[in-house]
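Here is a short tour of one protein chain. Please keep the sequence and the 3D view open while reading.

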Amino acid sequence: MEFEGIVIRQTPFRDHDAMVTVLSNDKMRSFLVRGALKYDSKLGPSSNMYTKSRFQLMRGKEGHALRSGEILESFENIKTNIDSLAVEDFLGELTNKLIQSSDAPSIYSWLEKGLQLMNSGFSPYTVALIYFAKVLDIAGYSLNVDSCQKCGQKSQIIALSYKDGGFICRDCFSTLKHAKENPTKLKIVRYIFKVDLANFNKVEFPKEACMELIKELNKFLDDVAQTNLKSIELLKKI
(Lines give C-alpha, C1' and ligand atoms only; values in the text may rest on other atoms or scores of the structure.)
Protein backbone atom coordinates (compact mmCIF):
# COMPACT_ATOMS: atom_id res chain seq x y z
CA MET A 1 0.00 0.00 0.00
CA GLU A 2 1.40 3.40 -0.98
CA PHE A 3 -0.04 6.84 -0.25
CA GLU A 4 0.87 10.43 0.65
CA GLY A 5 -0.15 12.26 3.80
CA ILE A 6 0.71 14.44 6.78
CA VAL A 7 1.66 12.97 10.16
CA ILE A 8 -0.74 14.27 12.81
CA ARG A 9 -0.02 11.91 15.72
CA GLN A 10 2.99 9.96 16.96
CA THR A 11 2.71 7.75 20.05
CA PRO A 12 5.69 5.86 21.54
CA PHE A 13 5.23 2.08 21.33
CA ARG A 14 7.53 -0.34 23.08
CA ASP A 15 11.21 0.63 23.17
CA HIS A 16 12.00 2.74 20.11
CA ASP A 17 8.93 2.16 17.97
CA ALA A 18 6.00 4.52 17.43
CA MET A 19 2.41 4.30 16.29
CA VAL A 20 1.79 7.01 13.73
CA THR A 21 -1.46 8.49 12.42
CA VAL A 22 -1.41 10.12 8.99
CA LEU A 23 -4.06 12.34 7.44
CA SER A 24 -4.28 11.86 3.69
CA ASN A 25 -6.65 13.15 1.05
CA ASP A 26 -8.96 10.14 1.36
CA LYS A 27 -8.82 8.91 4.98
CA MET A 28 -6.75 8.61 8.15
CA ARG A 29 -4.35 5.71 8.53
CA SER A 30 -2.49 4.46 11.60
CA PHE A 31 0.53 2.18 11.41
CA LEU A 32 3.65 1.07 13.25
CA VAL A 33 7.04 2.62 12.53
CA ARG A 34 9.80 0.39 13.87
CA GLY A 35 12.77 2.26 15.30
CA ALA A 36 11.09 5.62 14.72
CA LEU A 37 12.43 7.08 17.97
CA LYS A 38 16.05 6.08 17.41
CA TYR A 39 18.44 8.94 16.63
CA ASP A 40 19.74 7.24 13.48
CA SER A 41 16.41 5.79 12.38
CA LYS A 42 16.01 5.43 8.62
CA LEU A 43 12.20 5.43 8.88
CA GLY A 44 11.90 8.08 11.58
CA PRO A 45 12.34 11.30 9.56
CA SER A 46 9.45 10.59 7.21
CA SER A 47 7.16 9.90 10.17
CA ASN A 48 8.02 13.01 12.20
CA MET A 49 5.12 15.15 13.36
CA TYR A 50 3.61 17.49 10.72
CA THR A 51 5.79 16.11 7.95
CA LYS A 52 4.26 15.36 4.56
CA SER A 53 5.64 12.11 3.19
CA ARG A 54 5.00 9.30 0.76
CA PHE A 55 4.53 6.07 2.70
CA GLN A 56 4.69 2.45 1.67
CA LEU A 57 3.17 0.00 4.15
CA MET A 58 3.42 -3.73 4.65
CA ARG A 59 1.10 -5.99 6.61
CA GLY A 60 2.54 -7.86 9.60
CA LYS A 61 1.35 -9.74 12.67
CA GLU A 62 0.54 -6.47 14.47
CA GLY A 63 -1.20 -4.81 11.52
CA HIS A 64 0.30 -2.38 9.05
CA ALA A 65 3.88 -1.22 9.47
CA LEU A 66 5.99 1.26 7.54
CA ARG A 67 8.20 -0.34 4.92
CA SER A 68 9.61 2.88 3.47
CA GLY A 69 8.98 6.61 3.68
CA GLU A 70 9.98 9.55 1.51
CA ILE A 71 9.75 13.13 2.81
CA LEU A 72 7.87 15.40 0.42
CA GLU A 73 7.64 18.53 2.61
CA SER A 74 9.15 19.01 6.07
CA PHE A 75 8.00 22.63 6.62
CA GLU A 76 11.38 23.42 8.21
CA ASN A 77 10.77 27.18 8.53
CA ILE A 78 7.92 26.54 10.97
CA LYS A 79 10.41 25.03 13.40
CA THR A 80 12.28 28.35 13.64
CA ASN A 81 9.21 30.40 14.64
CA ILE A 82 7.69 29.90 18.09
CA ASP A 83 4.31 31.30 17.01
CA SER A 84 4.10 28.93 14.05
CA LEU A 85 5.22 25.99 16.21
CA ALA A 86 2.43 26.69 18.71
CA VAL A 87 -0.13 27.02 15.92
CA GLU A 88 1.14 23.80 14.32
CA ASP A 89 0.32 21.92 17.54
CA PHE A 90 -3.05 23.68 17.68
CA LEU A 91 -3.90 22.53 14.15
CA GLY A 92 -2.87 19.00 15.03
CA GLU A 93 -4.97 18.85 18.18
CA LEU A 94 -8.00 20.23 16.35
CA THR A 95 -7.60 17.60 13.64
CA ASN A 96 -7.11 14.72 16.06
CA LYS A 97 -10.03 15.64 18.30
CA LEU A 98 -12.68 16.72 15.80
CA ILE A 99 -11.95 15.18 12.41
CA GLN A 100 -13.14 11.66 11.57
CA SER A 101 -11.46 9.52 8.93
CA SER A 102 -14.42 10.12 6.61
CA ASP A 103 -13.80 13.89 6.90
CA ALA A 104 -10.24 13.60 5.57
CA PRO A 105 -11.11 14.56 1.96
CA SER A 106 -12.71 17.78 3.22
CA ILE A 107 -9.95 18.96 5.57
CA TYR A 108 -6.69 17.56 4.16
CA SER A 109 -6.07 20.38 1.67
CA TRP A 110 -6.77 22.98 4.37
CA LEU A 111 -4.14 21.47 6.69
CA GLU A 112 -1.61 21.12 3.89
CA LYS A 113 -2.20 24.71 2.70
CA GLY A 114 -2.06 26.05 6.26
CA LEU A 115 1.33 24.45 6.88
CA GLN A 116 2.64 25.68 3.53
CA LEU A 117 1.49 29.24 4.27
CA MET A 118 3.10 29.31 7.72
CA ASN A 119 6.29 27.85 6.26
CA SER A 120 6.39 30.74 3.78
CA GLY A 121 5.90 33.38 6.51
CA PHE A 122 2.14 33.94 6.38
CA SER A 123 0.45 34.91 9.67
CA PRO A 124 0.18 31.73 11.79
CA TYR A 125 -2.69 33.21 13.80
CA THR A 126 -4.73 33.84 10.65
CA VAL A 127 -4.06 30.23 9.66
CA ALA A 128 -5.18 29.05 13.10
CA LEU A 129 -8.38 31.07 13.00
CA ILE A 130 -9.43 30.05 9.49
CA TYR A 131 -8.54 26.40 10.08
CA PHE A 132 -10.54 26.45 13.34
CA ALA A 133 -13.61 27.70 11.45
CA LYS A 134 -13.21 25.05 8.74
CA VAL A 135 -12.85 22.23 11.27
CA LEU A 136 -15.93 23.42 13.15
CA ASP A 137 -17.87 23.54 9.89
CA ILE A 138 -16.81 20.03 8.85
CA ALA A 139 -17.48 18.64 12.34
CA GLY A 140 -21.02 20.03 12.27
CA TYR A 141 -20.56 23.01 14.59
CA SER A 142 -20.66 25.86 12.09
CA LEU A 143 -22.24 29.25 12.76
CA ASN A 144 -24.82 31.00 10.59
CA VAL A 145 -22.91 33.95 9.13
CA ASP A 146 -25.19 34.53 6.15
CA SER A 147 -28.19 36.05 7.93
CA CYS A 148 -29.81 36.64 11.31
CA GLN A 149 -30.14 33.33 13.10
CA LYS A 150 -33.48 34.43 14.52
CA CYS A 151 -35.38 35.92 11.55
CA GLY A 152 -33.22 35.34 8.49
CA GLN A 153 -32.67 39.02 7.72
CA LYS A 154 -29.39 39.64 5.89
CA SER A 155 -28.95 43.33 6.75
CA GLN A 156 -28.49 45.29 9.97
CA ILE A 157 -26.40 42.53 11.59
CA ILE A 158 -25.05 43.88 14.87
CA ALA A 159 -24.24 40.88 17.06
CA LEU A 160 -22.87 37.35 17.15
CA SER A 161 -24.54 34.89 19.50
CA TYR A 162 -22.72 31.60 20.04
CA LYS A 163 -25.63 30.38 22.14
CA ASP A 164 -28.11 31.05 19.33
CA GLY A 165 -25.69 29.78 16.68
CA GLY A 166 -24.92 32.80 14.54
CA PHE A 167 -25.51 36.42 13.60
CA ILE A 168 -28.21 38.54 15.21
CA CYS A 169 -29.84 41.54 13.51
CA ARG A 170 -30.88 44.85 15.03
CA ASP A 171 -34.56 43.82 15.19
CA CYS A 172 -33.83 40.57 17.06
CA PHE A 173 -31.16 42.02 19.33
CA SER A 174 -31.84 41.72 23.08
CA THR A 175 -29.79 43.64 25.61
CA LEU A 176 -30.39 40.79 28.06
CA LYS A 177 -28.99 38.08 25.76
CA HIS A 178 -26.67 39.73 23.26
CA ALA A 179 -23.74 42.12 23.05
CA LYS A 180 -23.20 44.47 20.11
CA GLU A 181 -20.06 43.69 18.15
CA ASN A 182 -17.63 45.82 16.17
CA PRO A 183 -18.53 45.63 12.44
CA THR A 184 -14.93 44.66 11.65
CA LYS A 185 -15.14 41.67 13.96
CA LEU A 186 -18.39 40.54 12.33
CA LYS A 187 -16.74 40.81 8.90
CA ILE A 188 -13.84 38.66 10.07
CA VAL A 189 -16.22 36.02 11.44
CA ARG A 190 -18.12 35.87 8.16
CA TYR A 191 -14.87 35.71 6.19
CA ILE A 192 -13.33 32.78 8.09
CA PHE A 193 -16.42 30.63 7.68
CA LYS A 194 -17.03 31.55 4.02
CA VAL A 195 -13.52 31.80 2.51
CA ASP A 196 -12.54 29.09 0.04
CA LEU A 197 -9.17 27.35 -0.20
CA ALA A 198 -8.00 29.47 -3.16
CA ASN A 199 -8.30 32.61 -1.03
CA PHE A 200 -6.87 31.17 2.20
CA ASN A 201 -3.98 33.66 2.07
CA LYS A 202 -5.92 36.63 0.70
CA VAL A 203 -6.09 38.50 4.03
CA GLU A 204 -3.95 38.49 7.18
CA PHE A 205 -5.67 39.53 10.41
CA PRO A 206 -3.99 41.12 13.46
CA LYS A 207 -2.85 38.65 16.10
CA GLU A 208 -5.05 40.26 18.76
CA ALA A 209 -8.20 39.94 16.63
CA CYS A 210 -7.38 36.31 15.84
CA MET A 211 -6.75 35.38 19.46
CA GLU A 212 -9.96 37.02 20.63
CA LEU A 213 -11.98 34.91 18.21
CA ILE A 214 -9.95 31.74 18.80
CA LYS A 215 -10.72 32.00 22.52
CA GLU A 216 -14.40 32.58 21.80
CA LEU A 217 -14.58 29.65 19.37
CA ASN A 218 -12.80 27.47 21.92
CA LYS A 219 -15.42 28.35 24.54
CA PHE A 220 -18.15 27.66 21.97
CA LEU A 221 -16.61 24.26 21.15
CA ASP A 222 -16.39 23.38 24.83
CA ASP A 223 -20.06 24.30 25.30
CA VAL A 224 -21.44 22.39 22.30
CA ALA A 225 -19.08 19.41 22.18
CA GLN A 226 -17.44 19.28 25.62
CA THR A 227 -14.08 19.35 23.87
CA ASN A 228 -11.22 21.20 25.52
CA LEU A 229 -8.19 22.20 23.46
CA LYS A 230 -5.05 22.10 25.62
CA SER A 231 -2.81 23.63 22.95
CA ILE A 232 -4.69 26.91 23.13
CA GLU A 233 -3.04 27.65 26.48
CA LEU A 234 0.33 28.03 24.79
CA LEU A 235 -1.18 30.34 22.17
CA LYS A 236 -2.48 32.56 24.96
CA LYS A 237 0.97 32.85 26.54
CA ILE A 238 2.94 33.81 23.42
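Contact here means heavy atoms within 4.5 Å. Helices (H or I, at least four residues) and strands (E, at least two) are DSSP runs, numbered from the N terminus. The model is predicted: local features need pLDDT of at least 70, side-chain atom pairs count only at pLDDT 80 or more, and totals for chains, interfaces and linings use all residues. Residues are numbered from 1 along each chain as its sequence is written, and side-chain values use heavy atoms, with hydrogens and water left out.

**The chain as a whole**

The chain holds 6 helices and 7 strands. Their order along the sequence is β-β-β-β-β-α-α-α-β-β-α-α-α. The C-alpha trace spans about 65 × 35 × 30 Å along its principal axes. Of the 238 residues, 48% are buried (under 20% relative accessible area; exposed is over 50%, partly exposed in between, with a 1.4 Å probe and protein chains only). Take the contacts between residues at least 6 apart in sequence: 57% of them join residues at least 24 apart.

**Two helix pairs**

Two packed helices are described by the angle between their axes and the distance between the axes. Axes are lines fitted to C-alpha atoms, for helices over the stretch in contact, and angles run from 0 to 180 degrees between N-to-C directions.

| Helix pair | Angle | Axis distance |
|---|---|---|
| α1 (82-98) and α3 | about 5° | 10 Å |
| α3 (124-139) and α4 (183-194) | about 60° | 8 Å |

How do α1 and α3 run relative to each other? With an angle of about 5°, α1 is roughly parallel to α3. Angles under 35 degrees count as roughly parallel, over 145 as roughly antiparallel, 65 to 115 as roughly perpendicular and the rest as oblique. From α1, the contact takes in Asp83, Ser84, Val87, Phe90, Leu91, Leu94, Thr95 and Leu98. They meet Pro124, Tyr125, Val127, Ala128, Tyr131, Phe132, Val135 and Ala139 of α3. By class, 13 of these residues are nonpolar, 2 polar and 1 charged. Ala, Val, Leu, Ile, Met, Phe, Trp, Tyr, Cys and Pro count as nonpolar, Asp, Glu, Lys and Arg as charged, and the others, Gly among them, as polar.

Helices α3 and α4 pack at about 60°, so α3 is oblique to α4. On the α3 side, the contact uses Leu129, Ile130, Ala133, Lys134 and Leu136. On the α4 side it uses Ile188, Tyr191, Ile192, Phe193 and Lys194. This contact has 8 nonpolar, no polar and 2 charged residues.

Ile188 sits in helix α4. Ile188 is buried, at 9% relative accessibility. Leu129 is 59 residues from Ile188 in sequence, and 9.8 Å away in space, C-alpha to C-alpha. Not counting residues up to four places away in sequence, Ile188 touches Leu129, Phe205, Ala209 and Leu213.

His178 lies in the loop between β7 (166-169) and α4. Is His178 buried or exposed? His178 is buried, because its relative accessible area is 10%. Setting aside neighbours within four places in sequence, His178 contacts Ala159, Ser161, Asp164, Ile168, Cys172 and Phe173.

Lys230 is placed in the loop between α5 (207-225) and α6 (232-237). Lys230 is exposed, with a relative accessible area of 65%. Beyond neighbours within four places in sequence, Lys230 is in contact with Glu93 and Lys97.
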